[in-house]
There are 2 protein chains.
Amino acid sequence: MSHIDLIRAAAERLNGHAVRTPLMNSPFLDEIAGRRVYVKAECLQHTGSFKYRGGRSAVSALDPGTRAKGVLAFSSGNHAQGVARAAAEFDVPSVIIMPNDAPQLKIDNTRALGAEVILYDRPNGESREALGEQIQAERGMTLIKPYDEDQVIAGQGTCGLEIAEQARDLGVTEVDVLVCCGGGGFTSGIALALEAEAPDLRVRPCEPEGFDDVTRSLKSGHIETNNQQSGNICDAILTPAPGEITFPILNRLCGSGIVITEDEALQAMALIFQRLKLVAEPGGAAAVAAALFHANEIEGDAVICTISGGNVDAPMFARALEHANT
Amino acid sequence: MSHIDLIRAAAERLNGHAVRTPLMNSPFLDEIAGRRVYVKAECLQHTGSFKYRGGRSAVSALDPGTRAKGVLAFSSGNHAQGVARAAAEFDVPSVIIMPNDAPQLKIDNTRALGAEVILYDRPNGESREALGEQIQAERGMTLIKPYDEDQVIAGQGTCGLEIAEQARDLGVTEVDVLVCCGGGGFTSGIALALEAEAPDLRVRPCEPEGFDDVTRSLKSGHIETNNQQSGNICDAILTPAPGEITFPILNRLCGSGIVITEDEALQAMALIFQRLKLVAEPGGAAAVAAALFHANEIEGDAVICTISGGNVDAPMFARALEHANT
């Protein structure tokens, strides 16, 4: 099946399960951006991020016999929760391999969603891949990759179908759609959906400073990698490089990337709190930060931007609130 | 017209203007409450609270000639913003009379929504009513009362129509609907809508300790007043007494009230942040607090509760975050 057929099929499987998240706006944000700003609030998705879409899509696409043996994921973050919840909904086992230095709360949450959490000794260099292969061999579980996987991209693309429909209902045409971008699963999924359903909407990947692998890759025309793997508050969208499957899609369909600073992400979180009454995580606020603070890199009288997730702990959110004008 | 006819007419006038707010849930909240918890997120309404519904309903119900002269409201809070935005949408003037010791940000926001803000000298006992009468006489503006006004109740009732429909879609029947309650406009509007559309759903007013006028009034069968007017963080739902119009409706249709503490409101705000990725103000979290921490006062395997608003400043939200388990 083509990508768009996979997306449409995923939308049918997700119907009645995924939240159809609202496209929101505020006159106060419009004023800052100098154009109308529409915000697709995927922080309101189950498990607090768009990752539930891809998780549910991939788990539901497995044939029942394979699915019954369970699924496996490597993740310390949003993908873990999305896959764990999807597996629990199908009443099949899930194993999430997490580093033993992950925050206890993320470990607890993933367990509470029904997953078996297996910790690997990251600080001492234990290989999570070797551990994963061992579990696959022993239990016959299926690995669900976080972004470079067709059914995961298809699930994230269902968000793009909703954006196309919601933009049409509002009469919003010929605008940029800013997407928080890590490995490119969300960005490529949305781009594929818009190509079919709203080709006058153009996706722009948004990335944090120092982790602008996609922006550089789009410039050079081939996959560029980041020099570092951590050290930025936008943890949800830090990945080594765009994927083998996602990059050709991004390269074909996306406009240029927009790179935001940590401080802009925090300011955007504060404005999202104040004006939309939503909780965004730092990486989840990257696209809104681009809309508000990089207005000169955008054209048109309106812009659509995603909030990709809201899984932020209280101390980090308190830090963002210090940027609030209250 | 009967109340329910007014509500249905208001729903037609609000269609395409008010946000149809989502009914949300989280397995983590279900576990705390010991039953399924569904949350009607009115903090996602325009201006950050349900008050936009009543403001838009009242302004849109005026005949065009009267409306053109403008509208007037007394409010330092959510009602001010609801009326100001509704007036701006009809391109008619609005005057909001606010105390001169109101927070500058609320004054600024109300102005930014298009209202003329007139300050009265509350600390020195200036009468806002006299000021209001003077403006009505001079400019022929119509006063929009915050709750004891049929068209305002009708607007708030449109939220009840949505709850009835959303509960039906989920197959949720015979449950309590917990509503954050001040003067009773929101509570009576929802109760009237449910009486017609989902009579097996019963409204329960939720109030802060020390400001439980409605709870006591429902017990005694006549209007009881609060001894104090301020001194509780749940500012949005502090009113002297239930209204002359609202109380008979509450008395006829509601179950007993539930009284929550300030600490429970803050804990609920933290859990709403963590599990629903929403911003609730203290008074707006009262019903969720009742669902989570007064489970033994509720029956049934599920409960619906409202978040009435999210207009909270950063320092108060930071205080709530200190209750978060992260």
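A: Start with one cut-off: a residue is buried if 20 or more other C-beta atoms lie within 10 Å of its own, exposed if 12 or fewer, and partly exposed in between. The model is predicted.

In helix H13 of chain B (residues 286-293), eight of its eight residues are buried, and the helix is mostly covered. By name, the buried residues of H13(B) are B:Ala286, B:Ala287, B:Val288, B:Ala289, B:Ala290, B:Ala291, B:Leu292 and B:Phe293.

Now the sheet itself. In chain B, six strands form an open sheet in the order S1-S2-S10-S7-S8-S9. The pairing is mixed. Strands of a sheet pair through backbone hydrogen bonds, either parallel or antiparallel. The edges are strand S1 (23-24) and strand S9 (258-260) of chain B. Each edge strand has a single partner strand, so one side of each is left without a neighbour in the sheet.

B:Met24 has B:Val39 of S2(B) as its bridge partner.

H13(B) packs on this sheet. The helix touches S2, strand S7 (176-180), strand S8 (202-208), S9 and strand S10 (302-307) of chain B. Its direction makes about 155 degrees with that of S10(B).

B:Glu174 lies between helix H8 (150-170) and S7 of chain B. Its phi is positive, about 50 degrees, although B:Glu174 is not a glycine. Most residues other than glycine have a negative phi. B:Glu174 is exposed, with 12 other C-beta atoms within 10 Å.

Turn to chain A and its strand S2. In chain A, strand S1 (residues 23-24) and S2 are joined by two bridges and run antiparallel. There A:Leu23 stands opposite A:Lys40 of S2(A). S2(A) is also joined to strand S10 (residues 302-307) of chain A, by six bridges, and those two run parallel. A:Tyr38 faces A:Ile304 of S10(A) across that pairing, standing opposite to it. Five of the six residues of S2(A) (36-41) are buried, so this strand is largely enclosed by the rest of the structure.

Follow the chain onward from S2(A). The loop between S2 and helix H3 (51-61) of chain A holds A:Ser49. A:Thr47 is in that loop between S2 and H3 of chain A too. What is the phi of A:Thr47? It is near 65 degrees, a positive value in a residue other than glycine. A:Thr47 counts as buried because it has 27 C-beta neighbours inside 10 Å.

A:Ser49 is buried as well, with 30 C-beta neighbours inside 10 Å. Leaving aside residues up to four places away in sequence, A:Ser49 touches A:Glu42, A:Cys43, A:Asn78, A:Gly82, A:Ser308, A:Gly309 and A:Asn311. A:Val117 is 68 residues from A:Ser49 in sequence, and the two C-alpha atoms are 20 Å apart in space.

Now step back to the chain. Chain A has 14 helices and 10 strands. Its radius of gyration is 19 Å, close to the 20 Å that the globule rule gives for 326 residues, so chain A is as compact as a globular protein of that length. The C-alpha trace spans about 55 × 45 × 40 Å along its principal axes. Buried residues make up 56% of the 326 residues in chain A. Of the contacts in chain A with a separation of 6 or more, 74% join residues 24 or more positions apart.

Last, the pair of chains. A rotation of 180 degrees with 0.0 Å of shift along its axis superposes chain B on chain A, with an RMSD of 0.0 Å. The two copies are thus related as by a two-fold rotation axis. In chain B, the C-alpha nearest that axis belongs to B:Leu278, 2.4 Å from it.

The contact takes 20 residues from chain B and 20 residues from chain A. On the chain B side, helix H6 (104-112) and helix H14 (314-321) are the elements that give two or more residues. H14(B) gives the largest share, four residues. By class, that side has 15 nonpolar, three polar and two charged residues. Of the interface residues of chain B, 100% are also interface residues in chain A, so the copies meet through the same surface.

Notes
Residues are numbered from 1 along each chain as its sequence is written. Chains are lettered from A and ligands numbered from 1 in the order in which they are written. This is a predicted model: local features need pLDDT of at least 70, side-chain atom pairs count only at pLDDT 80 or more; totals for chains, interfaces and linings use all residues. Two residues are in contact if their C-beta atoms, placed from the backbone, lie within 7 Å. Ala, Val, Leu, Ile, Met, Phe, Trp, Tyr, Cys and Pro count as nonpolar, Asp, Glu, Lys and Arg as charged, and the others, Gly among them, as polar. Two strands pair if DSSP finds at least two bridges between them. The radius of gyration is taken over C-alpha atoms; the globule rule is 2.2 Å times the number of residues to the power 0.38. Copies are superposed by least squares on the C-alpha atoms of residues with pLDDT of at least 70 in both. Axes are lines fitted to C-alpha atoms, for helices over the stretch in contact, and angles run from 0 to 180 degrees between N-to-C directions.
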